[in-house]
There are 4 protein chains.
Amino acid sequence: MIGAHGNVGTCVVAGAAGIARGLFDHTGLVTGAPEFDRLGLAPMGDLVFGGHEVRDGSFVHSAKDFGDRNGLLTPEIRRAVAKELRQADTEIRIGTARGMGSGVESTASDEALAAAPLAERRERIQDDLLDFKRRGKLDDVVVVNLASTEPTPADQSALASLAAFNDAVERDDGERVPCSVLYAMAAMESGFPFVDFTPACATGTPLLAEAALRHGVPFMGRDGKTGETLVKTVLAPMFVARNFRVLSWEGFNMLGNNDGAVLREPGSLASKVRDKDEALRSILGDDGVHSTVRIDYVPSLADWKQAYDFIHFQGFLGARMQMHFNWQGCDSALAAPLVLDLVRMADLAHRRGEAGPMRHLACFFKAPVQVPEQDFPSQMNRLYRYVAGVHAEASSPRATGS
Amino acid sequence: MIGAHGNVGTCVVAGAAGIARGLFDHTGLVTGAPEFDRLGLAPMGDLVFGGHEVRDGSFVHSAKDFGDRNGLLTPEIRRAVAKELRQADTEIRIGTARGMGSGVESTASDEALAAAPLAERRERIQDDLLDFKRRGKLDDVVVVNLASTEPTPADQSALASLAAFNDAVERDDGERVPCSVLYAMAAMESGFPFVDFTPACATGTPLLAEAALRHGVPFMGRDGKTGETLVKTVLAPMFVARNFRVLSWEGFNMLGNNDGAVLREPGSLASKVRDKDEALRSILGDDGVHSTVRIDYVPSLADWKQAYDFIHFQGFLGARMQMHFNWQGCDSALAAPLVLDLVRMADLAHRRGEAGPMRHLACFFKAPVQVPEQDFPSQMNRLYRYVAGVHAEASSPRATGS
Amino acid sequence: MIGAHGNVGTCVVAGAAGIARGLFDHTGLVTGAPEFDRLGLAPMGDLVFGGHEVRDGSFVHSAKDFGDRNGLLTPEIRRAVAKELRQADTEIRIGTARGMGSGVESTASDEALAAAPLAERRERIQDDLLDFKRRGKLDDVVVVNLASTEPTPADQSALASLAAFNDAVERDDGERVPCSVLYAMAAMESGFPFVDFTPACATGTPLLAEAALRHGVPFMGRDGKTGETLVKTVLAPMFVARNFRVLSWEGFNMLGNNDGAVLREPGSLASKVRDKDEALRSILGDDGVHSTVRIDYVPSLADWKQAYDFIHFQGFLGARMQMHFNWQGCDSALAAPLVLDLVRMADLAHRRGEAGPMRHLACFFKAPVQVPEQDFPSQMNRLYRYVAGVHAEASSPRATGS
Amino acid sequence: MIGAHGNVGTCVVAGAAGIARGLFDHTGLVTGAPEFDRLGLAPMGDLVFGGHEVRDGSFVHSAKDFGDRNGLLTPEIRRAVAKELRQADTEIRIGTARGMGSGVESTASDEALAAAPLAERRERIQDDLLDFKRRGKLDDVVVVNLASTEPTPADQSALASLAAFNDAVERDDGERVPCSVLYAMAAMESGFPFVDFTPACATGTPLLAEAALRHGVPFMGRDGKTGETLVKTVLAPMFVARNFRVLSWEGFNMLGNNDGAVLREPGSLASKVRDKDEALRSILGDDGVHSTVRIDYVPSLADWKQAYDFIHFQGFLGARMQMHFNWQGCDSALAAPLVLDLVRMADLAHRRGEAGPMRHLACFFKAPVQVPEQDFPSQMNRLYRYVAGVHAEASSPRATGS
């Protein structure tokens, strides 16, 4: 996990341990539904966690902080999974924070900000990944980006091809190579699947698609679809199906966690808002719909996001009607199970020899790579068809084969 | 149209005329979407309207009343479609209101309450239908039930089979034969499709399925899915897909039209609430979810329904989260285009020689006949597959003939 | 406290202890505001708690149950105040539950339901009160009714005067003497102030006013104004001040605590809804406003009430406008500090020699005794004037004495 | 009226005419409540309207545009008051728009933007005012500023005193003399009361207070309190009275009228947001409450503002609770009656010989001049006390004179 000690990473480790210990059931895990039962997904207790982090701290500390502020991960739960948290803490290495924007950089340790050349940083990431696998005697490693939202580089030429990327790394051109790309490339070049759960710009570029095929690894992203955008992509198809004309769709998000604090930086905010708004526009068409996405930092909310959406639409006889919704969810408790789902599905895909974008996982993302449809029901159908395909192969003579 | 002069019937006639005259576009009509363009559906201007009504009145009067209270069908619009409203008024005959519950009976005219034997009433309905077709030189007639919500009869034995029904009619057993069934059977026996847009109990019974096949006519129902229930069946699958546990789903509806007034009668209310609640439970499973459906009569709202829904759900780490929505829609402006859609689709099905329940129209109903799935996206997929099938047939060599 | 082991009583004891121990500040206590600083109110740590309860249980158990279900009174807090909870448990005696309605009776112990004559029950209450005061060497005792909502007796003749009441007790006429009256009279006859925090019918009757004057004790009620009704009486005056015409005001309440469960009984519900609705109508006038109050039991909410209010109003040019609000509060955490406020203020009034209704405490109640105004700002002004009066007396030459 | 042809001005003229003709009652007018009955306020039919406007247009045109977009001022109403609209149009002169910000300037006519020196512009305003009074044989003129929100000048030295102002006008220093001040001074120097219904900066400065006393005229402002801020100043005192700690109060406003369009300019937005936020902070104290005010332009809403407010507060036991509200009001139908109220009250004050700020009108403003309290109930008490004072004088022997 890149950005391991954040709220999401902490909930991932504590949640997986809690499930393995029987403290929680599979509620909230897509892969916990019966349809995914006999797919051969990795059991929760078999997962081993580690990663990079740019701030000082630990899972033990993050869990306490998260618990005190959000009412989840109570002292009882924390005591019960303390061993797993401490174990995961031994697998955290210092990450790289240069170019992540002032929001991240202001909280990063000096070591994380150290100005090593890009080539050296890439190499160190690979070393850490391979070392993690070797020491843990792991079957596979899935790299998941959970870092804070990164500004999009103005010049994206280094993301156009492997050649351009390698050239930029060699020239040590930090302006054109965002951190997320460095991690993604290091993962793929090490032969590991990559999942981008953030709005990092790189995931949809030609570079990653080329690298994934070259190295024979699956990957997917971008930007986990956890709350308000999920609801948007569920509701918007209804307006289309009923042939309503959506006049305005205004969304107001409030949150008080580190994510929200980082989003006060305009560059990071722009990346985030883009993904939230594009999902909607892609479903509704661009036919004059007015839409706004606001994200405000409200410290008292901590991880409990509040979203208000106002939908103004026109129907028969010119009638102008309204729908309003309010979503109150704990952002990290929404995101963490999806990370576990994605890791298990990426591992399965890798074992099955799949390479390139895992389009069947589109339903997990705000801006899924190489998948045109944004509406959630169609994306779920993609996932169910994939699962049915795996089951079909598994039960066919070839698969059982001699 | 049974219950023709109600708000929905009035909006149907005024809306179709308004579209034919270019005052409104196809917004709000499902069959107005591009997918339905080359299906050969009846053009809006070719539709001729008539029906039964138990109260004194006229479309002209209903349109003024509706317009003054709801801000739609303004004086300008009413003037523009006055000719069509008056024309439709010449095609209205006195309906039968006995057994519709005190809400309807208290507003019905003496003639509508007249105690003619069931057999005679059935015959008169058939005469009116055939006369309507003959005088109008119509290609087909589609009978649509738009009457107020009817109490469910305690003894449903007359709805079990054609034989039982005919026996009950012969015995003139009004307790066991609701008005809606009398209309449905009269339609089918005359060879006309039947659509039940109300929560009338009969539509899902063996009787109608048997009659439809016997007389070779398509039919569908029950209870138009226009607003809050539509949203419920769009949102609930999301909670299932994400493996959330819905703890409570409480719905509070307010409306101030005649429908709302009739629903103050407990019998009618029970029929309505049943359909709204069953749709939800069928999607979520019956696993302990607490749900309430309230419908309150709030006169100042007139036809503008307000619905509040509160959804309490559990996710990962035991987190208890919430979603709230508020829906503000003009009920009749939501229902009327669906009536036009259903009439056009029933006419198409009849021309294509289909008989029995039109399962592809499940998406239009709260309690669709012989269709297990209640989730709206799956129901829409059914409709799109049907449309694709019609197109495929149309372009196949067989269809183009020799 | 009558009904001591309920959520409110439990939060009262735990909260007072928590404040005395410095775990919580005075937030939520009206008397914690600076205006009340030098009134000579009893310090939180000087309060001693005891009471009657009809169910088996203990504060220790109630605090655990409340904590587990509602996220407040966490294990840490419970450990810190365990001594005070256990101490208060030694002061609980078995109450009387006969005639409280099936909701309460179904959970009451056999002893609480025992059919002792009214006179005997009254005597036992007095014995318990005097014994509590004696053993604790207390300066004063304030009796607060926190029991579940009681059905209003059809025949209220026993509440018309002391003579009628005494006659009914002597005849042992349980139909006409609700439990709450028995407690109120026992308190007053023992010379103790009485506060009715429930919708019990007796508090506004001539009987209590007569008894209070006879025995020289202050009293007040009825029905604590904690959440939705508080907001109503804050907002409604705005609509009056701006000369808007409120067309409809519809309130939907959901809660999942024992109170909600008891309110499923129609008799109890009627008492509660009456107080909530009358407060509103008294402010708006009866000029055609349509209003509904719904209270639904939603178990998953536990003590966290959800209220939706819809306000439809007309302004200039006939414009019909809307306001909606949603209130999410922990009912017992809202009520408990008000109980502490009332106890402290009743003690002060008693010391000051006041007798009869404490009209200056109207702001705490949905149906304040002998106070015409229901709007909260005016009620607060009453309280501030009273406080200013006490201060003025305290600083006048007479008060400092010679 | 400065900015006469805007939506508010149009509703003022049409509404006053509609009331005089019996089409509307006094709903929405504060001075329409019974308390104001025998104050001797000017009857609605005696008011004569005129003013300045910087855009081309007319009341007739504005009323049609407003009616078509907002559903109020229907064609029937417009026909009924057409004569009064046309009459008022004859009293409109070209205003001055220089320095109003690009939002206003982009829609202003060339004449309105003409670069006449300040002294000349001031003189022309006075000429227009005196001419209006003379031709109409009017008893008095009240000048009301209804122009769009104006940016606050960086250098406010010209607003510090009459001498500084006169100096700046002589130097023709447009940077330091906003339009609103020019109008205010012209009004006062002509001996007429001035009311500022906009967030213009000048109204609270020493300049206006000095000028008002010098010229013996009453004045008041600033920024009409019509909707969301009104509700804020009604609700916030409740949180104070109950000693809750407000953690966050976030307000999201959407509107689609010209006001909303002008507010897209940062300078104008800042002026507006300041007043909305200060009202809240003044009531709650500055003790760590987080607050946001957003105003977004959503064209489909036209004049129907939508506001969402989220209030996060802490109570007893550390419980964190929430309140949400949604306000849906027609902005101009909310503002127009207040303008009429203010004109009638300013006329009364002038007749009574009052000069300086009319503090009793604080309840009409977001940032009332020289009134410390922002809470609406206290402000209403001020108004009621003033009215009682006028009545008392009227009925005292002194007032009836000898």
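Reply: Start with a helix on a sheet. Helix α13 (residues 331-351) of chain B lies across β9 of chain A together with β6 (245-255), β8 (304-314) and β9 of chain B. The helix runs at about 80° to β9(B). Keep in mind that this is a predicted model.

Me: Which strands make up the open sheet, and in what order?

Reply: Eight strands, with mixed pairing. The order is β7(A)-β6(A)-β8(A)-β9(A)-β9(B)-β8(B)-β6(B)-β7(B).

Me: What makes a strand an edge strand here?

Reply: An edge strand pairs on one side only. That holds for β7 (290-297) of chain A and for β7 (290-297) of chain B. From one strand to the next, the twist averages 10°.

Me: How do you know that β8 and β9 of chain A are paired?

Reply: Pairing takes at least two bridges. Strand β8 (residues 304-314) of chain A and strand β9 (residues 320-330) of chain A are joined by 11 bridges, so they count as paired. The two run antiparallel. Within this pair, K305(A) stands opposite G329(A) in β9(A).

Me: What packs on the sheet from chain A?

Reply: Helix α14 (residues 331-351) of chain A. It touches β6 (245-255), β8 and β9 of chain A, plus β9 (320-330) of chain B. Its direction makes about 80° with that of β9(A).

Me: Why are chains A and B said to be related as by a two-fold rotation axis?

Reply: Chain A can be laid on chain B by a turn of 180° and a shift of 0.0 Å along the axis, with an RMSD of 0.0 Å. The two copies are therefore related as by a two-fold rotation axis. In chain A, the C-alpha nearest the axis belongs to F325(A), 2.1 Å away from it.

Me: Why is the pair F244(D) and F313(D) called tilted?

Reply: The planes are 50° apart. Stacked needs under 30 degrees and edge-to-face needs over 60, so the pair is tilted. The centres lie 4.9 Å apart, and the cut-off for a pair is 6.5 Å.

Me: Are F244(D) and F313(D) buried or exposed?

Reply: Buried means under 20% relative accessible area. F244(D) has 11%, so it is buried. F313(D) has 0%, so it is buried too.

Me: Why is D128(C) called buried?

Reply: Its relative accessible area is 19%. The limit is under 20%, so D128(C) is buried. D128(C) is found in helix α7 (residues 118-136) of chain C. Leaving aside neighbours within four places in sequence, D128(C) is in contact with H52(C) and R93(C).

Definitions and conventions:
Residues are numbered from 1 along each chain as its sequence is written. Chains are lettered from A and ligands numbered from 1 in the order in which they are written. This is a predicted model: local features need pLDDT of at least 70, side-chain atom pairs count only at pLDDT 80 or more; totals for chains, interfaces and linings use all residues. Side-chain values use heavy atoms; hydrogens and water are left out. Copies are superposed by least squares on the C-alpha atoms of residues with pLDDT of at least 70 in both. Helices (H or I, at least four residues) and strands (E, at least two) are DSSP runs, numbered from the N terminus. Axes are lines fitted to C-alpha atoms, for helices over the stretch in contact, and angles run from 0 to 180 degrees between N-to-C directions. Contact means heavy atoms within 4.5 Å. Buried means under 20% relative accessible area, exposed over 50%, partly exposed in between (1.4 Å probe, protein chains only). Rings of Phe, Tyr and Trp (its six-membered ring) pair if their centres lie within 6.5 Å; planes under 30 degrees apart count as stacked, over 60 as edge-to-face and the rest as tilted.
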